[in-house]
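Visitor: I would like to go through some charged side-chain pairs and hear the reasoning behind the labels.

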Amino acid sequence: MEVGGLPVELWQLILSYLRLPDLGRCSLVCRAWHELILSLDKTRWRQLCLGCLEHRHPNWPNKPGVEPWSWREAFKQHYLASKTWTKNTQDLESANCLSLFRRRKGRRQLCVGAGGEFGSLRAALAAASPYDRLVLLPGVHEEQGEVLLKVPVEVVGQGKLGDVALLASIDQHCPTAHLCNMVFMPARFTSVLYKTTSGYVQFDNCNFENGQLQIHAPGTCQVKFCTFSQSSIHLRSVALCVLENCEFTGSENASVTVEGCPSSDHNWACKHLAVLAKSCAASMQEPDPASCAVAKRDGWGESLLGPVRTCEIVVGEEQSSFLSAVGGQALLGSAQEDIEFGENLRAAKEEEYPALDSDCSDSDLCSDDEEDTQAAYKLPCQAHSLSHTLAGVTHSRLQSNRLLALQRDLKLKSLQQELQQDKEAQSLANSLQGCIIRQCLFRDGKGGIFIYSRGQAKLEGSIFRDLTYAVRCIQNSKVIMLRNDIHHCKASGIFLRLSAGGLIADNNIHSNCEAGVDIRKGANPLVLCNKIHSGLRSGIVVVGNGKGIIRSNQIYGNKEAGIYILYNGNPAVSGNHIFQGLAAGIAVNENGRGQITGNVICENQWGGADIRHGGDPILRNNLIACGYSDGVVVGEHGKGLIEGNTIYGNKGCGVWMMSSSLPHLINNQISHNSIYGVAVFCRKDDTGDYPPGQGVNESFQEEREGAGGENDPDSEEEYLSARHPISVALVELNSINHNGAAGLHIKSSEALNIIANVIHANRDGGVAVLQSSQLTRIADNSISCNSRGGVLVEAECQVELRGNGIYENSSHGIVSKGEGVIAENDIIGNHRCGLQLLQTADMKVTKNRIQSFRDYGIALFDEAKGLVQENIIFQGRSKKSILQPMSNAEDCIIQNNVLLTFKKRFDMECMLINPPARPHIEGGAPRSCTAAGGQRVSSITSRVDGGCHNHGSIFCTIL
């Protein structure tokens with residue numbers, strides 16, 4: 001493009017020498033000239049922006065090496081902001097431009113200092129007229145008494161910043177004032193540098209040393225490009241003020257203190273500051289995600305972590321993995337260790353399950369002819385009440401689709417999506433009240449921002465580092481924090497207590513010595529879309545009746561729990577990704593509560609969720625995957641509703657429980673974990689067993705003493721409505737499949753109910769009851785296709801097995817050495833005996849339906865005793881006894897059992913229909929069982945050796 005015959009490069013060179021007014025006039029000539037003026041962004045506009053006394057680099061002090069997206073836009077914003085002080089006028093009918101014209105026409109410039117017209121600032125102010133410009137010449141200007149500012153003036157230091165130092169205490173009594181390019185130091189008689197209680201004051205490009213600014217309502221201020229060295233600002237009930245591009249260092253207390261509710265008595269400047277704040281917010285450059293410290297800390301040192309893996313489910317051909325590609329490589333590297341571990345585990349469990357090798361398949365056990373024969377005798381048992389759940393487990397495509405759908409549903413939301421869906425959060429993010437702090441740097445001091453007594457502050461794009469704390473908000477105050485960096489604090493990064501609230505969103509909070517966010521004593525903030533990582537303690541702590549909505553955050557790499565809830569803390573935790581923590585993902589302890597829903601909790605070193613000592617959360621619809629220990633840990637006296645979670649691919653157990661705990665596990669998918677699906681132990685759980693950060697070493701003495709306080713009645717009612725009270729630990733309606741050891745492993749000293757679960761294809765047995773001093777009730781479960789037996793009951797265990805379907809396990813259906821009841825179960829198609837009673841077993845075995853193709857239906861050994869009656873035993877392979885009465889016990893009664901035989905190749909579809917195949921979840925009275933037409937009925941009388949009852953006549957009658 002050429003204008004007037006000259007190349008565009010020459011025009012740019014010519015125009016780069018013009019002053020600001022001339023550039024404005026040229027841009028109005030025509031469209032071509034307007035585009036020429038805009039093309040000077042990196043040359044003339046940059047020179048103008050950096051050459052003003054009022055301005056510094058637009059990204060100072062946080063990123064002075066990063067250029068703004070437009071130098072012209074940055075200069076425009078700075079220029080308009082620097083003229084705010086001149087907009088005070090009583091003539092509301094006059095246009096701003098006319099008002100400025102009249103003031104500029106009558107303004108004088110007064111020089112103060114050696115060689116100037118006035119020897120002191122006080123003398124110059126006495127002679128000044130409204131809107132005069134007072135120029136302080138280079139040197140030190142000291143005022144002995146308090147200086148009263150009674151007329152609107154502009155006070156500017158001549159030369160570079162640092163050439164002019166003013167030692168004074170100024171009290172403003174005029175509507176407006178502007179101070180620029182000076183170093184403020186306190187007078188000998190006070191630490192107050194500047195004070196206003198009614199007017200508006202504007203500071204540009206100043207340094208404040210060892211003093212304090214005091215702004216009281218209805219007064220207000222705008223502070224830009226200023227440095228505070230061991231200095232602070234105290235704002236009391238200010239309706240609206242703006243601090244931008246300032247640096248605060250070395251404070252002995254809080255750098256900025258915000259006290260009191262924003263006043264309804266607005267200063268004249270508030271409307272102008274609101275317009276300016278909105279325009280600045282619109283022009284702020286969005287932070288580059290690559291610049292946020294995730295794997296590195298962007299110039300602050302190396303992170304505690306290596307490359308951070310995003311949470312993604314990768315579905316393979318045989319099973320799904322929650323690890324990303326990077327995690328998959330790590331998994332391949334440890335495959336040999338996993339194989340060795342599995343072999344050792346199987347060897348260790350060989351004695352507990354006297355059964356076939358778990359690695360043997362049906363094809364290993366029988367020839368083709370045997371397979372045909374077995375097919376002829378196979379009973380249809382797929383139509384039980386839990387068959388729909390079992391279908392999703394046995395079909396890999398359905399399971400893969402479910403995991404992919406879960407990944408889609410639990411995808412992390414952006415802040416924009418959250419604000420669109422949450423009107424309260426949107427209102428908070430757009431609010432302009434109290435103190436607005438933007439693009440400031442707080443470093444190397446005690447405190448950053450302290451907000452109390454219903455104060456309100458909004459913090460955007462600022463950095464807080466190497467402080468004792470970054471933000472402390474208490475006493476019904478409100479803080480809005482957007483896109484800040486908070487790191488390397490000696491205590492917690494953000495501390496809220498005493499009913500404080502607000503919005504904490506899209507911040508990068510990391511490497512703090514205590515919690516990233518600490519919520520206590522009724523505080524109730526919205527915590528959205530933050531990165532909280534690499535902390536030396538927990539990511540978020542909710543203590544002492546603290547609440548809060550914690551949503552869509554990335555919480556990773558913390559040395560203690562990602563989220564730690566205790567002492568009646570009761571937050572709503574949803575939609576977060578909590579991963580790669582060095583302890584538990586979420587820990588709920590000391591009567592903590594909380595509603596924990598829809599989170600992705602993965603790759604943590606300890607339990608994905610850890611519940612102990614009265615912790616009583618609702619843990620619902622979470623994905624707890626690929627942890628290096630157990631998926632969910634319920635320690636001593638832990639409680640909670642654990643519902644609808646997918647607990648997948650953890651290196652330890654899916655769920656690890658203490659027998660003294662009282663959880664309710666319902667409708668969870670517990671699969672592909674390396675050890676047990678669900679394990680219950682009765683070992684004493686003392687403080688030595690806590691993983692790092694899960695003990696009682698936190699500084700919560702105050703909350704511990706007040707833990708017995710009252711809870712919020714509304715939240716209490718809502719909490720109780722979501723719970724069904726239980727008095728015995730309950731494992732109900734879960735799918736427990738494809739785990740590396742037994743589906744359920746029980747060593748319990750307390751009662752336990754195991755109801756209506758699908759326990760399928762685990763690499764060891766289905767259920768192993770190794771210790772049970774009180775009754776373990778196992779009812780209405782589907783226990784099928786496990787690599788060893790269906791159910792093992794060790795000696796001295798008390799068990800009730802009722803209404804279960806125990807199908808096609810690779811060894812015996814049930815092996816019992818203990819005591820109790822085995823009633824109304826379907827024990828069908830297992831590869832060894834249907835039921836074995838060993839050693840000193842004392843069981844009442846009644847009304848079961850039993851079939852074993854290759855072995856005995858019921859086998860009794862050693863000193864087994866009890867009552868075996870009214871069972872239906874279906875014929876398996878011919879020419880082998882159905883019942884093996886070899887027990888030597890005197891108290892073994894076997895009577896009134898029924899053998900159903902049938903012709904080879906007989907259609908078996910009607911055999912388990914009256915009643916249908918178990919389990920029966922919805923109940924219903926079982927109907928009488930009759931022999932189907934075409935059956936051959938035989939009568940066999942067998943005497944049990946070794947003692948009898950009922951007048952010495954015990955017979956097994958098989959009809």
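Guide: Start with Arg 537 and Glu 560, a salt bridge whose closest N and O atoms are 2.7 Å apart. This is a predicted model, where local features need pLDDT of at least 70 and side-chain atom pairs count only at pLDDT 80 or more, while totals for chains, interfaces and linings use all residues. Residues are numbered from 1 along each chain as its sequence is written, and side-chain values use heavy atoms, with hydrogens and water left out.

Visitor: What makes Arg 537 count as buried?

Guide: Buried means under 20% relative accessible area, exposed over 50%, and partly exposed in between (1.4 Å probe, protein chains only). Arg 537 has 15%, so Arg 537 counts as buried. Glu 560, at 7%, is buried as well.

Visitor: How do you know that Lys 42 is exposed?

Guide: Lys 42 has 57% relative accessibility and therefore counts as exposed. Lys 42 forms a salt bridge with Glu 67, with the closest N and O atoms 3.3 Å apart. Glu 67, at 37%, counts as partly exposed.

Visitor: Which label does Glu 460 get, buried or exposed?

Guide: Glu 460 has 3% relative accessibility, so Glu 460 counts as buried. Its salt-bridge partner is Arg 483, which at 22% counts as partly exposed.

Key
Salt bridge = Lys/Arg side-chain N within 4 Å of Asp/Glu carboxyl O.
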